[in-house]
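Colleague: I am new to this structure. Could you walk me through how to read it?

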Amino acid sequence: ETDTTEVERIRNAVSEGVDISSCILNYRIDGSSFWNQVYISPLRNRDGEIVNYVGVQCEITADLAKLRFKNGAEASAEAGSQGKQLNSGSGDAEGELESEGEGL
């Protein structure tokens, strides 16, 4: 069952406009469960106002999720490195935003 405390931490972080990384049990449309390493960060304009959010999620193994809860930050870093393998795109988001006149 999804940890409601973690869900509340995510909601609070979004509400407060701060970065959050969390490992939560999530569910597919067919009802099967999976462990989800989630990172959410606000994107701000030049005036510091939040204009959007970026979110990255990565399915992790149950063993890695257990390790995450057991070792805290150390396992979180390991989960993050697994996520990097999924995010090997070559786009330059900062350059794209600046070319559209938005700037970071």
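Modeller: Start with cysteine 58, which counts as buried at 7% relative accessibility. Buried means under 20% relative accessible area, exposed over 50%, partly exposed in between, with a 1.4 Å probe and protein chains only. This is a predicted model: local features need pLDDT of at least 70, side-chain atom pairs count only at pLDDT 80 or more, and totals for chains, interfaces and linings use all residues. Residues are numbered from 1 along each chain as its sequence is written, and side-chain values use heavy atoms, leaving out hydrogens and water.

Colleague: Is cysteine 23 buried or exposed?

Modeller: Cysteine 23 is buried, at 2% relative accessible area.

Colleague: How many disulfides does a search of the whole structure find?

Modeller: A disulfide is a pair of cysteine sulfur atoms within 2.5 Å. The search finds zero. For cysteine 23, the nearest cysteine sulfur is that of cysteine 58, 10.0 Å away.

Colleague: Which residues make up the largest nonpolar core?

Modeller: A nonpolar core is a set of buried Ala, Val, Leu, Ile, Met, Phe, Trp, Tyr and Cys residues joined through side-chain atoms within 4.5 Å. Here the largest has six: Ile10, Ala13, Ile20, Ile24, Val38 and Ile40. Another core, of five residues, lies apart from it and includes Cys23, Cys58, Ile60 and Ala65.

Colleague: How does strand 2 run relative to strand 3, parallel or antiparallel?

Modeller: Strands are DSSP runs of E, at least two residues, numbered from the N terminus. Two pair if DSSP finds at least two bridges between them. Strand 2 and strand 3 run antiparallel, joined by 10 bridges. In one of them, asparagine 36 partners glutamate 59 of strand 3.

Note on methods:
Helix = DSSP H or I, 4+ residues; strand = E, 2+ residues; numbered from the N terminus.
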